[in-house]
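Here is a short briefing on a ligand site and the chain around it. Look at the model first, then read the points below.

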Amino acid sequence: MKIHVQIFCALFSLAIATKVDYSGHMVIRVVPQTEEQVKFLSALESSSSIDFWTRSVTANRFTDIHVSPESYIMAYLADLASTNPLVSTLVAGTSVEGREIIQATISSDRSANKPIAWFDCNIHAREWITAATCVWIIDTITSGYGTDAEITALVDQYDWKFVPVANPDGYAYSWSNDRLWRKNRAINSGSACVGVDLNRNFPSGFGGEGSSSLPCSETHHGVSALSEPESQTLDALIAADRGRVKAAISMHSYSQLWLSSYSYSSALPVEYPEMMNAMKAGVDALVATYGTPYEYGSTGTVLYIASGTTTDHYYENEGVVHSYTIELRDKGRYGFELPASQIVPTATETWNGIKAFMNAI
Ligand code: 0X9
Ligand code: ZN
């Protein structure tokens, strides 16, 4: 189903009367071409909480839909899943505040149980470039299948799974209240400080060095491993694919690093030489794109010790040898507030790195 979509208002400013911040909200104009599409829009309105401003009573009459920043990523995925047979979406879980955590799967043959390239993105709320990169990669894979030989081969060889926004509450909060918010939005009992660092809430090395028991800390690990619904959701998703995950990549920003386990200690995994070869293949292709400098190696040696991370959990508890964290652009000039003009170049170089890496393992 192809519906013409036009974004005609990119940014609202603060709505002073109601004190609601509409920064980043959009109104999307949809023009259905057939009666079937008119019915689809009507069903969407009654089955969702999407804010419809106008309705199409017949084909070729527009519908205006008001969407928040976190929902128009999700709206894109829902549209893709309904229009492209390669794509399906799954509501994998819900966040502390009840937002859906979506996983998108790209597969040319779901019954073949192919090995999987698995991604979580935006587990840290302020790292917006990570969701943008994951959505750009989904778009590039789906539009390149059948026309681009390398993409076609990679989709025929692997299923591709993405959680584009692993921390939807924190992400929404980073749009509405605090651009630099990192954690989820859990209430910490006995404290006025909100949030658990989801990348400290996994079982590997839980509670150790590079994480904090203090609720006000940006690296607060939570009351116990997997205490948070967002980490439980990622854990359940990767466990559901146990034995099939060939590569698991956690997308972060910023620093321009490709990192392997271990993160909770400076010890090196037994497969480290194999991991280094794979990281080198990815980083070489990434750097060759625009010359963006990258370093690679184990987190504990290249960056710092961090306990309870996704990457160590996927490696240590799920048996995924090729489990990595990629810290995308930049190196601090803009930091988390990477300008929009760098989204496509960042996604392009990262995708080139991932393709070369997947072809090397
Ligand atoms: O500290 C973190 O969680 C990550 N850096 S960030 O600036 N994006 O917060 C690094 C974690 C890296 N380690 C692994 N997951 N292996
Ligand atoms: Zn991060």
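β9 (245-253) and β12 (322-328) each supply at least two residues of the shell around ligand 1. Strands here are DSSP runs (E, at least two residues), numbered from the N terminus. This is a predicted model: local features need pLDDT of at least 70, side-chain atom pairs count only at pLDDT 80 or more, and totals for chains, interfaces and linings use all residues. Residues are numbered from 1 along each chain as its sequence is written, chains are lettered from A and ligands numbered from 1 in the order written, and side-chain values use heavy atoms, without hydrogens and water.

**The shell**
- Around ligand 1 there are 15 residues, where a residue counts if one of its heavy atoms lies within 4 Å.
- R182, R200, T299, Y304 and E327 come nearest.
- By class, the shell holds 9 polar, 4 charged and 2 nonpolar residues. Asp, Glu, Lys and Arg count as charged; Ala, Val, Leu, Ile, Met, Phe, Trp, Tyr, Cys and Pro as nonpolar; the others, Gly among them, as polar.

**Polar contacts (N or O pairs within 3.5 Å)**
- N199 places a polar side-chain atom 2.9 Å from an oxygen atom of ligand 1.
- For S263, a polar side-chain atom lies 3.2 Å from a nitrogen atom of ligand 1.
- In T311, a side-chain N or O atom is 3.5 Å from a nitrogen atom of ligand 1.

**Cover**
- On its own, ligand 1 has 420 Å² of accessible area (Shrake-Rupley, 1.4 Å probe), and the protein covers 96% of that.

**Domains**
- The domain assignment, automatic or from a database, gives domain 1 (26-67) and domain 2 (71-360).
- Their C-alpha centres lie 32 Å apart.

Terms used
A polar contact is a pair of N or O atoms within 3.5 Å; within protein, one must be able to donate a hydrogen and the other to accept it, and residues adjacent in sequence count only if both atoms are side-chain atoms. Helices (H or I, at least four residues) and strands (E, at least two) are DSSP runs, numbered from the N terminus.
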